[in-house]
Amino acid sequence: MSAVDELLARARQGLTRVGPAEAAAVRESGGLLVDIRYARLRERDGTIPGALIVERNELEWRLDPTGDHRLPEATHHDLPVVVVCNEGYASSLAAVSLHDLGLHRATDLIGGFQAWRAAGLPVER
């Protein structure tokens with residue numbers, strides 16, 4: 001197993017990952033879906049309606065409830081957050097980083113945006 005595969009496996013041990021329907025339910029109940037895909041993928045495939053767009057390199061600064069650069073939606077550490085990448089790999093690592101900031105309910109979408117779309121859930125172009 002490669003080092004990055006081991007890193008990913010360790011990261012996922014601490015997460016309760018969710019599928020597309022569960023991610024939609026988190027959003028519907030007031031949690032955040034955070035799309036960390038880069039612009040080219042969003043332009044190619046579309047976006048999830050209501051998801052916050054925060055590219056990966058800004059994630060921690062935008063979601064830290066104690067930070068000066070946080071988004072208005074990043075209100076408290078108990079906030080449910082589902083991180084979405086393209087296929088569900090980078091989002092696992094990003095969710096662990098959010099845990100390190102104290103966002104203990106952060107997780108990620110199994111299969112990423114591609115799983116969301118394959119489940120027939122809404123996508124905006």
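Student: Is Thr 16 buried or exposed?

Tutor: This is a predicted model, and the values discussed here are computed from it. Exposure is read from relative accessible area, with over 50% counting as exposed. Thr 16 has a relative accessible area of 66% and is therefore exposed. Thr 16 lies in the loop between α1 and α2 (20-28).

Student: Which separations describe Thr 16 and Thr 107?

Tutor: Two separations are given, one along the sequence and one in space. Thr 16 and Thr 107 are 91 residues apart in sequence, yet their C-alpha atoms are 6.2 Å apart in space.

Student: How are two packed helices described?

Tutor: They are described by the angle between their axes and by the distance between those axes. Here, helix α1 (residues 3-13) packs with helix α5 (residues 90-100) at an angle of about 55 degrees, and the axes are 9 Å apart. That angle makes α1 oblique to α5. The crossing in which α1 passes α5 is left-handed.

Student: Which residues of α1 and α5 meet?

Tutor: From α1 come Leu 7, Leu 8, Ala 11 and Arg 12, and these meet Ser 92, Leu 93 and Val 96 of α5.

Student: Which residues of α5 are buried?

Tutor: Ser 91, Ser 92, Ala 94, Ala 95, Ser 97 and Leu 98 are buried in α5. The cover over the buried residues of α5 includes α1, α4, β3 and β4 (106-108). After α5 comes Gly 102, which has a positive phi, near 100 degrees.

Student: Which residues touch the most other members of the largest nonpolar core?

Tutor: A nonpolar core is read through the contacts among its members. The largest one has 18 residues, and those touching the most other members are Val 34, Leu 59, Leu 63, Val 81 and Leu 98. Two or more residues are given to this core by each of β1 (32-35), α4 (59-63), β3 (81-84) and α5. The largest share, three residues, comes from α5. Apart from this core lies another, of twelve residues, including Val 18, Val 26, Leu 109 and Phe 113.

Student: What is Val 81 in contact with, leaving aside its neighbours within four places in sequence?

Tutor: With those neighbours left aside, the partners of Val 81 are Leu 32, Val 34, Leu 63, Leu 98, Arg 105, Ala 106 and Thr 107.

Student: Where are Leu 79 and His 77 placed?

Tutor: Leu 79 is in the loop between α4 and β3, and His 77 lies in the loop between α4 and β3. Leu 79 counts as buried because its relative accessibility is 7%, whereas His 77, at 27%, counts as partly exposed.

Student: What do Leu 79 and His 77 touch beyond four places in sequence?

Tutor: Leu 79 touches Gly 30, Leu 32, Glu 73, Ala 74 and Arg 105. His 77 is in contact with Asp 64, Pro 65, Thr 66, Leu 101, Gly 102, Leu 103 and His 104. For His 77 and Ala 9, which are 68 residues apart along the chain, the C-alpha separation is 24 Å.

Student: Is Thr 47 buried or exposed?

Tutor: The cut-off for burial is under 20% relative accessible area. Thr 47 has a value of 18% and is therefore buried. Thr 47 is found in the loop between α3 (39-45) and β2 (52-53). Not counting residues up to four places away in sequence, Thr 47 touches Arg 37, Arg 42, Ile 53, Phe 113, Pro 122, Val 123 and Glu 124.

Student: What is the relative accessible area of Gly 112, and what does Gly 112 touch?

Tutor: Gly 112, found in helix α6 (residues 112-118), has a relative accessible area of 0% and is therefore buried. Residues up to four places away in sequence aside, Gly 112 touches Val 84, Cys 85, Asn 86, Glu 87 and Gly 88. Gly 112 and Ala 90 are 22 residues apart along the chain, and their C-alpha atoms are separated by 9.1 Å.

Methods: Residues numbered from 1 in each chain as written. Predicted model: local features only at pLDDT ≥ 70, side-chain atom pairs only at ≥ 80, totals over all residues. Heavy atoms only, no water. Axes fitted to C-alpha atoms, helices over the stretch in contact; angles between N-to-C directions. Helix = DSSP H or I, 4+ residues; strand = E, 2+ residues; numbered from the N terminus. Parallel < 35°, antiparallel > 145°, perpendicular 65-115°, else oblique. Left-handed = near helix turned anticlockwise from the far one by under 90°. Contact = heavy atoms within 4.5 Å. Core = buried A, V, L, I, M, F, W, Y, C linked by side-chain atoms within 4.5 Å. Buried < 20%, exposed > 50% of the residue type's maximum accessible area, 1.4 Å probe, protein only.
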